[in-house]
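Trainee: I would like to learn how to read a structure, one feature at a time. Could we go through one together?

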Amino acid sequence: MHHAASEFQLEGEYVLAGLFDIHHVSSAVAQIRPEGIDCSNQPLILSSYRRFQLMRFSVEEINNSTNLLPNVSLGYDIFDHCSDTHSFPGIFKLLSVDGMIQPWGKAHRNVSKVMAVVGPFTSTQVLTVAPLFMMDLIPMVSYGASTSVFSRKQQFPSFLRTVHPNKDVIEVIVHIIQHFNWRWVAFLNIDDDYGNDGRELFMKRISNTDICMAYTKGLNLYTDHSQLFRQIETQRIGIIIVFAPEWTAEALIESAIQLNVTNKVWIAGHAWSLNKKLPKKKGIKHIGTVIGVSEPKVTIPGFSDFIYSSKNQTHSKNAEQNVFCNQGCNCSSLSAEEILTVDPSFNFPVYSAVYAIAHALHNTLQCESGRCNGNITVYPHMVLAELKKSNFTLLNQSVTFDENGDPNYGSYSIVFWNQIGDAEEIGFYHFHPTFHFFINNTQIQWYTEERVPTSLCSQECDVGFAKKQDGIHKCCFNCDICEKGTYINKTEDPYKCINCKKTEWSAPGSTSCNLRVVEYVPFTDSGAIMIMVGAWVLVGLTLAMSALFAINYNTPVVRSAGGPMCFLIFSCLSLCSLSVFFYFGKPTTSSCILRFLPFLLFYTVCLACFVVRSFQIVYIFKMAAKFPKLHSWWMKYHGQWLVITVAFVTQALLLLFGCAFAPPKPYNDTLEYPDKVILACDINLKAFAGPVILLLSLCSLCFIFSYMGKDLPKNYNEAKAITFCLLMLILTWVIFATEYLLYHGKYIQTLNALAVLSSLYSFLLWYFLPKCHIILFQSYKNTQEYFQSLIQNYTIRQ
């Protein structure tokens, strides 16, 4: 057992350096010349003093051990590293022989007894002093520096740490936020290497999540807390992450109490989550709920006894004053209870750092046999090589490092500051060997009582609404309902309404599409059956009338009706009825063509026959005397058959042209009904304009000629019958056109077929049926004498 002349030094064969910020420079120091700061005049950090004592305890425990470094004594040289930039005297002493720095001297045993450095605590302190140790590959094992940059081995080849890097702490914080479904958060960090690194890691980590950093601020001595909290309140932020060391966090939380900041959830980083002073502060309960990430609380056996015994030992004042430079503590007034009840954060990292170096030295000196080899000259780089290979168990924890010198072990606790001012453990986050995250929600007493607080920029959209970003943050948005024919899939993209396929439909505000009902009129439809029966009846009637007209072919009624032309009309009406059958069933290209082709072609012939017949009647009675040559020409060249043939050929060519360039084809009508697909035929109006115009022209001519003959003798007045037929025809298609404009369902096909059939019946019933009635039931009118008497009466009146 070696007795220290001072708490800061202990003689030994191999010396470990320790850098601890027992005091902390709380304000910027104005200097007029370069000089070291007198740390003993700065405020004491009690938790750092405890860690300092823990290093002393660890070295003493190793020296008392018979298994680790037998017959070898460890010493230490500990420095109060109270400032980031002005604590160099201690560093220079560590690297020098008799106080002289010899960085270019040849490496030999007497340059320095220091085998490794434990510390320093903060990232900025490490960045300041590490280069001086890195050039000689002197191992530095930090117990508190967690900035990402130290994982880069090309810059920090001899740096290791027993505390997890910032990315691990940020990972736990993000898991907590996601666990409670918070989105709108503020991130406050100390404005130094540690805090800024934490903020960058947090921003990167949340980039592909639903979390938004609504506000961020770097904290320093001059931060206006009042303005900071005003800004947080203005933005309605309910979650505040504080990524800072304990002294910065204390100043912030104390300001929050004074400024009456209420109803917030505070997420404490691992540097201050186990703070003992703040949870007992008056008014702390009013600021909201504090949850934190901390290292697991590890009880180190024998440490309490060490503190009690060391406090009982008295150091002579002279010994205290003779210590190098500024290594005075003024800590004699501290009681053992004060040291032991302080924040225990980073204690196990200090303990494991000292033990890692001791194990590395143990392996370097080949102490496995139970005795160390004193003939080996140990250089720091040899200890470093063994440190990297560390693999030992300490307090049931397996201590190893990864290739970056980061700890390959450990976990984090999740704590909650309860009503009695303790950091109660409510969950954990295990890194190794497998990731495992857990929080017991029932242990947390929220400031909102039962309910978990929320923190959102915008309330979540209702089902069926898409987000529309409002401003730069994805968490701030308006909600727009997805229109009919679109749907929203929030897991895929909550910002976009997706169009349904053509075979699908959706109502406004849908989250999926439904298959449309495919509709067409089948042959089994009752309406279709009735119309097809009507078509067969029409064919039957034309056959019957043809037979009747054939039997009575030479009678005046048949001759006045058109004679041989009647049989052509009967044939064409029967052929027209073919169209009716193709309006039913599933449309195909051929069925679409046959819906229109027979009707347009053969109905043209029918109309041409009636044009000729009405012209002949008007001409004989009204124009023959005035134009005798026309009559002789008409009779000589069979004018009626010529007109009919020209009309037929013209219509056939026009239809052939239309079907060749733009044939009617099936199409799915998805526009009229959101939930249906109507199977229909698409007809190109431009391609079929010619046949329709020809049909309308014939209809108009027929109407003109028949109207001119409205006052002819009764038995010769086919003109009146034709006029009536044409009026019925026009009425039929006007009704159909009106229906077509108002209704677009599947039954439009049935109505179209009905219009076609009605067009055929209009001639059959109103032109030919009266003739049949005369032949069958009024035979006295079907005589030459009766017709002659009517003509004579007409001539006398004229």
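Trainee: Which residues does S506 touch, not counting residues up to four places away in sequence?

Mentor: Let us begin with the ground rules. This is a predicted model, where local features need pLDDT of at least 70, side-chain atom pairs count only at pLDDT 80 or more, and totals for chains, interfaces and linings use all residues. Residues are numbered from 1 along each chain as its sequence is written, and side-chain values use heavy atoms, with hydrogens and water left out. A contact means heavy atoms within 4.5 Å. By that rule, S506 touches E483, K484, G485, T486, C500, S512 and C513.

Trainee: Where does S506 sit, and is S506 buried or exposed?

Mentor: Strands are DSSP runs of E with at least two residues, helices are runs of H or I with at least four, and both are numbered from the N terminus. S506 lies in the loop between β23 (504-505) and β24 (514-515). Buried means under 20% relative accessible area, exposed over 50%, and partly exposed in between, using a 1.4 Å probe and protein chains only. With a relative accessible area of 1%, S506 is buried. Its C-alpha atom is separated by 42 Å from that of V172, 334 residues apart along the chain.

Trainee: How should I read strand pairing, with β13 as the example?

Mentor: Two strands pair if DSSP finds at least two bridges between them. β12 (residues 264-268) and β13 run parallel and are joined by five bridges, with I267 standing opposite I291 of β13. With β16 (residues 411-417), β13 pairs in the antiparallel sense over four bridges; there S413 is the bridge partner of S294.

Trainee: How many residues of β13 are buried?

Mentor: In a regular strand the side chains alternate between the two faces of the sheet. In β13 (residues 288-294), seven of its seven residues are buried.

Trainee: And what can I say about the overall shape?

Mentor: Start with the inventory: the protein has 23 helices and 27 strands. The radius of gyration, taken over C-alpha atoms, is compared with a globule rule of 2.2 Å times the number of residues to the power 0.38. Here the radius is 52 Å, well over the 28 Å that the rule gives for 798 residues, so the protein is more spread out than a compact globule. The C-alpha trace spans about 165 × 55 × 50 Å along its principal axes.

Trainee: What share of the 798 residues counts as buried?

Mentor: The share is 52%.
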